[in-house]
There are 2 protein chains.
Amino acid sequence: MTQHKVLINGSWRAADAERYFEPFSPNTGTTLTDSYPASSWADCDEALSAGREAFVQMQTTPRATIAKFLNDYADAIEANAGSLVEMAHLETGLPTNPRLADVEIPRTCGQLRQAAMAAQDASWTTPTIDSANNIRSMLQGIGPVAVFGPNNFPYAFGSASGGDFAAAIAAGNPVIAKANSSHPGTTRLFAELAHNAAKANGLPAATVQLIYATSRESGYKLVSDHRLGATGFTGSRPAGLALKEAADKAGIPIYLELSSVNPVVVLPGALAERGEAIAGEFTGSCTMAAGQLCTKPGLIVVPQGAAGDQFVSLAAAGFDNAPVGTLLSRYASGQIDDTVAKLTANGAVVVNSGSAADDSGRFCHATTLLSVDGQNFIDNGELFQTEMFGNASLIIRSASNEQTIAIISQLEGNLTGCIYSDTAGSDDEAYDAIEPALREKVGRLINDKMPTGVAVSAAMNHGGPFPSSGHPGFTAVGFPAAAKRFGALKCFDNVRENRLPEVLRDNNPSDNLWRLVDGQWTTANL
Amino acid sequence: MTQHKVLINGSWRAADAERYFEPFSPNTGTTLTDSYPASSWADCDEALSAGREAFVQMQTTPRATIAKFLNDYADAIEANAGSLVEMAHLETGLPTNPRLADVEIPRTCGQLRQAAMAAQDASWTTPTIDSANNIRSMLQGIGPVAVFGPNNFPYAFGSASGGDFAAAIAAGNPVIAKANSSHPGTTRLFAELAHNAAKANGLPAATVQLIYATSRESGYKLVSDHRLGATGFTGSRPAGLALKEAADKAGIPIYLELSSVNPVVVLPGALAERGEAIAGEFTGSCTMAAGQLCTKPGLIVVPQGAAGDQFVSLAAAGFDNAPVGTLLSRYASGQIDDTVAKLTANGAVVVNSGSAADDSGRFCHATTLLSVDGQNFIDNGELFQTEMFGNASLIIRSASNEQTIAIISQLEGNLTGCIYSDTAGSDDEAYDAIEPALREKVGRLINDKMPTGVAVSAAMNHGGPFPSSGHPGFTAVGFPAAAKRFGALKCFDNVRENRLPEVLRDNNPSDNLWRLVDGQWTTANL
């Protein structure tokens, strides 16, 4: 059994380990043979000091060097895609093709290259110049960033490869990656590639560091340490909120992407016009990746009546016919069972008859579709919006558009919300009535498609009102916005020009750098 | 004795009061005859519900209406300046001229008019359009905003008139103003003018609400209530951090501007070149407004040796000759005494001989200048950076530029930091060595002038690393940035064009609205 090493301050070395753990293979349910350390506080402490030192050095590292590192790293991921896909499939059970090889690798590399562009052109720094008063300000790096990735996107949200990693580096911050313990080997391979690319470009030794696990107490200490600049966390609500409490108390920013049930509303006209197609989209969106997506539609509001009944039948058949995906965690199936039991005990009914497809030992759960009466949902809103992280979803049968508004008003903050309406305009009045209620509950409002796709776009908001995220003003996906989370606002008042950061001097150092000069956005010199 | 009313949901009505209190006159030390209620939770609860309702209405209020309200309000303040100045002088002891009438009234009105422009042109919403993917996003209002103003700027940071108020309204949010209990009458006059201007423009009844005080428990409930969008707080660190803890736990954003000692570093060349002038600036900056400014230089690092001794003598004489300003609070003098006692017990010495100028009963304290050895500061950094909110300051005598860096490394986060260097260039090497250490500790880095002036500028950062503020990414002063604090990021994905907010449609609704379209900032249509 191989005991793997942590990456601290430029060295792969044995951890100061409190214990070791072996990940599971979701494909077989068995323990893998590689062993990973849970670091003591001593490892965290050393990583923090090294990260702080690297941060200081990175503030004078040329933007082009950071950009080249990110591009080189993306190239290295593509060159090593084979071993990355093999490892991630082993550790997560996610399908090799298309998911890992054809979707998530390209997305991850594209994201790193967008981050490289953001680092290069520096527009994320939002330079703002008041020439009359000679006051100039910009965002600069915030400090070392701890990244806690989720279990469901080993690449695109991975601690050493994903969106938070890319955004933190683009903003000039070293990263202390805490691997998700369900795929430590995948994260290790990424950290090796990242560290090699950083070293080749002459970046500080601690630009990328990696630990695999800590005690809870060490985790709280880590996110609240004054040497840390910020934390990016994607994962479960209890874990995220506990870290948030520790970080908040210390005044260290923490950006969280937590649970979301992503309500979808199907209006009567849309149901009449294209109910079957919508049922198909819904089924696909709930069952791909075994429903383990932060933007899976966990609730769908469908009118009562014959057309709605037909929708339920179609969706139920779709659920039954969908392949039973592999779940990431050995606990996921039981968690779904627990929630289904609670929901059915309170009046929800299971409307499909799926069963888990095999008894190979792999982690899985029958695709499960439930239905509940709208009034019951309103009466028990907290219970019925419990997230089921997997291939299960809940249909809410609404008696009227007014009831739909009342249903929505029960919801907590969510990442997304979607309204399907007909193309002829018969739903427009209902849309106008319902939209404000949904709009205030969600970060991204969608028309006429499922929420599962999350484009890496400057206009994306992958965030939303609490508790879907920790602050409604920020997105975890999309450049330059995602990088701004890891910046601190720095003002220079009456500072002599030769002492200013390059991007704040009279001459704009780049054709692609937009600056807000005396109220006008421009790429020109002063 | 007049028992004053609260303004809730458009009505001035008797509070549901837990008690009443009378403010003091700092000019005489006596109690004033007007009496103000401390509201029970019932008042807060009603204000929150009314605020939520007003918020929903404000989301469809034309931008021009909000702008006109802010402009009308500024006009009304100017028209009523006489009574505002009289009341504020009575309640705060701040000088009528120039301070209240000639500085703070114009600043406050200018700020409201800048907020009106921000509301009108909507650039604070930062519209971002990805035309290829048809994804569009912007900041929209965050919800009702609770504003807690400080005691030291009854107008420009006042709960119903100042920067947070203006920023919250500009971003389309109603305000629940919690008056600072040292100037409830001033805040009441402002709320009357604001409410009348809001009513005249047809804004929702609860656009501006006012309470004067609550129990601590009600304050914590208020900032953590799910009906609230955010809080803006300016004031003392203990009060602010207690509110922050409550708000953080509920996931409701809170923006804080807390204490700051605003270190100033005088380099040897600057001392030789213009030590006397700098001593004069320092004295003026510490004694104006009796030193009760969030950006007062509370620490100044001066080299050891003869030139530094001369600086200390000049500053001490300046302190002795400065008028003894009136303090805002009956407790301020004792708080300064306590801190001076602690500092002198640990080796600081008082270097001037000022005494309080009179025994009229007014609140005041002798201007007080202390000095401490650099190494002693390094050994007791936490103690020696205790804020003295008033006309007192501490000189740190540094043995070398290396020691100056060590002194700075002891500092907590501050709003500002300043370096004085000579014009001939002999300080340049020292500047380059010291600047990075200071830069990371402060929100605004200044050259060659004292930090007390805070321009209302788009490039201003009136904020800084914790604990000077609650988040290093935001400024409390300057438009459009200050308004962004009170916005939530809202994305529209595949939303039909006629359903989009006006600012996100293909046609730009304003010549002055900058939008980030496919990576380019532009005022053009799509």
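Eight residues from domain 1 of chain A and nine residues from domain 2 of chain A make the contact, where contact means C-beta atoms, placed from the backbone, within 7 Å. On the domain 1 side of chain A, the touching residues are one nonpolar, five polar and two charged. Here Ala, Val, Leu, Ile, Met, Phe, Trp, Tyr, Cys and Pro count as nonpolar, Asp, Glu, Lys and Arg as charged, and the others, Gly among them, as polar.

A quick note on the model: it is predicted, with local features needing pLDDT of at least 70 and side-chain atom pairs pLDDT 80 or more, while totals for chains, interfaces and linings use all residues. Residues are numbered from 1 along each chain as its sequence is written, with chains lettered from A and ligands numbered from 1 in the order in which they are written.

Now, one residue. A:F384 sits in helix 13 (residues 381–384) of chain A; helices are DSSP runs of H or I, at least four residues, numbered from the N terminus. Why is A:F384 counted as buried? Because 24 C-beta neighbours lie inside 10 Å of A:F384, and the cut-off for buried is 20 or more other C-beta atoms within 10 Å, with C-beta atoms placed from the backbone. Beyond neighbours within four places in sequence, A:F384 contacts A:L343, A:V372, A:F377 and A:L394.

How values were computed
Helices (H or I, at least four residues) and strands (E, at least two) are DSSP runs, numbered from the N terminus. A residue is buried if 20 or more other C-beta atoms lie within 10 Å of its own, exposed if 12 or fewer, and partly exposed in between; C-beta atoms are placed from the backbone. Two residues are in contact if their C-beta atoms, placed from the backbone, lie within 7 Å.
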